[in-house]
Amino acid sequence: MPKKRSGGGLSATQQAAKFLGVSVLAGAVLAGIALPAFGALGLAAKGSVESFDELPANLKTPPLSQRTTILDADGGQIATVYSRDRTVVELKDVSPYMQKAIVAIEDSRFYQHGAVDLKGILRALNKNAQSGGVSQGASTLTQQYVKNVFVEEAGDDPTKVAEATQQTLGRKIKELKYAIQVEEELGKKKILENYLNITFFGEQAYGVEAAAQRYFSKRAKDLTLPQAALLAGIVQSPSRYDPVNDEKEATTRRNTVLQRMAEVGDVSQAEADKAKETPLGLKISQPKNGCITAVKGASFFCKYVEKVFLSDPVFGKTKEDRAKVWNQGGLTITTTLEPQAQKSVQSSLKEHVYKSDKVAAAATLVEPGTGKILGMGQSKPYGYGKNETEINYSVGSNMGGSNFGFPTGSTFKPYVAAAALEEGRPATQAYSSPYEMNYPSPVQTCDSSPWVNQDGATVENESASEKGPYRLKEAMAKSVNTYFVQMISDIGLCPVVKMTDALHVVQGNGDKLPEVPAIALGSKGISPLTMATAYAAFASRGMYCTPIAIESITQKVGNQQKSLQVPKSTCSRAMSEKTADTVNTLLRGVVDSGTGQQAGLTDRESAGKTGTTDERKNAWFVGYTPNLSGAVWVGSATQKVKMTQITIGGVYHELVYGGQVPGPIWKDAMSGALSGKPAESFNLVSIPDIDDKDKGRGDDDGNNGGNGGGLGGLLNGGTGDGTTPNPSFSIPEGWIQGGDNAGNNGNGNGGNFP
C-alpha cells in the first residue's frame, strides 16, 4: 500500500505519477489523437470521462456577469446590484504593470508556448517531486481561463461549481481541448484580456477593474507597479493572500510577484526592490451591493424596479429567463425617479414620522398623463434591524408590499362620485344622509343577484351633528359616510366596479374589489401607489396611465452595449373630461374648506381627499395638482395600533385624522417636489352652493323632501329620520392577516371617517 505523507496528501511518488499522467495526456492532446484507456491512471475513454474526440468542438462562453447600475431620471446613481461585482474592460484600459505582473506570476512563458506548456509541466513535475508536494502548478493562463469559464457557467450552483473545479483527469481533458480551441480563435492578447476580466480577486471583486476599485479605489488603468503586483499575487489564493485580513502574508506574496517580474525581465531588479519597500497603501472601497445600499432613501423604489424586471414578460418569457438576464447584469437602468421629488418625499416623512414611532408612513408621487413614479419612500428604512423593514408599504404584495394593502377610508369616495357622475347624476345630487342608518337593501350588482343586507349592518357619520340632507359638494367636503352609501345604493354597485376597473384599483393582494356597499367607505386594503395612480387620472382630466418606474435599459455584453425594450405606460380614458373636471372641483373644496385644509398648497391649485378608518388604524391623504399626484398613508402595518392618544413625529394626538397627520406630510412632499415647476390650473366647473333654506328640499328631481329622510329612509323601509340606534361596524381583529370575508356582507371593515 503506497505511503501517504503525514498531512494526508499523496506521496512524492504518487505526485510524480500524477504529473506524469498529465504529461502523457498533454502530449496526446498536442498530437491530436484520441486517448485510449489508461487503466493505471484511472482514465477511461468512455464512462466517467469522455474521450478527447467526443468532447464538443466549441467552448460555450457565457456572457460574464457584471454589476447592474440603477440610475435616477437625471442620471445619478441610486444603487448597484450584482451577483458578481465585475466591470468588463478592454486590455488597453488595464495598466501595463498589471498585464506583466499576472503573466509573470501565473504563466511567464505565456507568449512562447501554445495552449499547453510541456516545458512547464516537466518543470513542475521536477519541482513537486523534489518538494514532496504540489509547490508549483502546470496550468497555462489559457487553461486557467477555460477553467474560469466553467466556473462562471456554473453560477451560484454549488454542485456545478464543484464539478467545474474538481481535480480529475476528465476535467483536465476538457480544459486542454478547449484551451487549444481558445488559443486558435482568440490569440494571446484577447485571452489575457478575458482572463483579467473573469478571474476572482477576493473581497467580492471579479475582474481586474472591480479589484482595482475595491483595494485601491482607482481604475485598473491607473494601477502602479506595487499595486499591480499585489493584485496579481491574490489570484492564486484569494483567501490566503487577502490584504484586508492578512497584510503580512499579502505583502510577502506581492514581493514574490515583484521578484518574479524582475527575473523575467519585466522590470529591473532596482525597480522591484524599490517597490518591495513601499507599504501596501490600501484604500478600500466597501462593496455596495443591492438595494439596501441605495442613496436618497430609494431602497424601496430600487426593489420595486427589481420586481418589475423579474415579473414583466418584456424582459423574458419565463421567470427563469428574466432571472438569468438580471443575474447576468451589465445593465444600466435609468428610472423615472426624480431626485427633487424623492428628496422632498424623504424629508417630509422624516420630519413628520420618526422611524421609532409605533406607526409608519409611506408616500408615493406619480406624474399624471405619463404614469411615471417620481418619488417613493417610507418612514421605516429598508433593512433587517430594529425599526427597519423589507416590506414596501407603497405597493401591492406581488411587488414586495403588504399582503392586503391598507383600508383607504374616505379616500375611496371620489371613485363613487365619479361613477355616479358618469351615470348622469348631477353635481348637485342630494341624499337625506342621516347621522346613522341601516345599509340600504337590496343593491343591484353587476349580475342578476343583488346585494342584500342580511345582517342588519349599519353605518354612521363621524359626528352626530352630521345630518342631511346634503348635496354632493358639501358631502364630499365634510366626508359624510351615509351620503355615499346612499349614492352607491342609488346607482348600484356595477358603475362603481366599472369605474374602479377603469382606474385599475385593486386590493393589495391583487384581487378585485368585492361588490358590497361598504367599499364606498374604503373598507378594503389598497396600496398607496394604486391610489396615487388612480387619482392621477382625475388630474389628467380622465386619462388613466399605468405606473412605470423604468425609462430605459442598456446592457453591456462584453464590450458591446445594446438597448433593451422596457415596459411602456398604457393610457386609456377612464371617465369623461366633464366628470374628471367635476371631481377636481369637488376635491378642491376638500382642501379649501373641508377636512383637508391642512394639506392645501399655498402657491398653486390642489385637490384631494382625507381618509381615516375605524378605530383609527389607518389615516390617508391622497391629492394632486394638474401635474403631480401623491398618496400618503399612516398607520400600523400589522393593523394593531389604534391612533388615539398617540405621539407621532414628536407631536401628541388625541385622535388622528387624515387631514391632520398624512395631510401635512403630503403638503410638504408635494411642495418640495413642485418647487420651481409651473403652477398649472384645473378646468373647474360651476357647482352651486347649497343654502340653509335648501336643506330638506331634496334633489333636482324633487326627491328627498320633507324631514330629510327621502331616499335613504325609503330604502330602509323606515320613516327616513335616520335615528335608528344600531351600533356601527368595525374591522375584525386579525383582518390584515387574512380575515377573508370581512365586509362581503356589507358590514365592511370599519366605520370610515374624514
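In this predicted model, 5 strands come together as an open sheet, ordered 2-1-3-13-14, with mixed pairing. Strands of a sheet pair through backbone hydrogen bonds, either parallel or antiparallel. Which strands stand at the edges? Strand 2 (77-81) and strand 14 (560-564) do; each has a single partner strand, so one side of each lacks a neighbour in the sheet. On average, neighbouring strands here are turned by 20° against each other, direction ignored.

Let's look inside the sheet. Strand 1 and strand 3 run parallel and are joined by 3 bridges.

| Strand | Residues |
|---|---|
| Strand 1 | 68-71 |
| Strand 2 | 77-81 |
| Strand 3 | 331-335 |
| Strand 14 | 560-564 |

Now for helix 20, residues 577-593. At 1.5 Å a residue, its 17 residues should span 24 Å, and because the end C-alpha atoms are 24 Å apart, the model agrees with that expectation. Of those 17 residues, 12 are buried, so helix 20 is largely enclosed by the rest of the structure. The buried residues include T579, D581, N584, L586, L587 and G589. What do the buried residues of helix 20 pack against? Their partners are helix 15 (413-422), helix 16 (472-478) and helix 19 (528-539), together with strand 16 (607-612) and strand 17 (618-625).

Definitions and conventions: Residues numbered from 1 in each chain as written. Predicted model: local features only at pLDDT ≥ 70, side-chain atom pairs only at ≥ 80, totals over all residues. Heavy atoms only, no water. Helix = DSSP H or I, 4+ residues; strand = E, 2+ residues; numbered from the N terminus. Expected span 1.5 Å × (residues − 1). Buried < 20%, exposed > 50% of the residue type's maximum accessible area, 1.4 Å probe, protein only. Contact = heavy atoms within 4.5 Å. Pairing = 2+ DSSP bridges. Axes fitted to C-alpha atoms, helices over the stretch in contact; angles between N-to-C directions.
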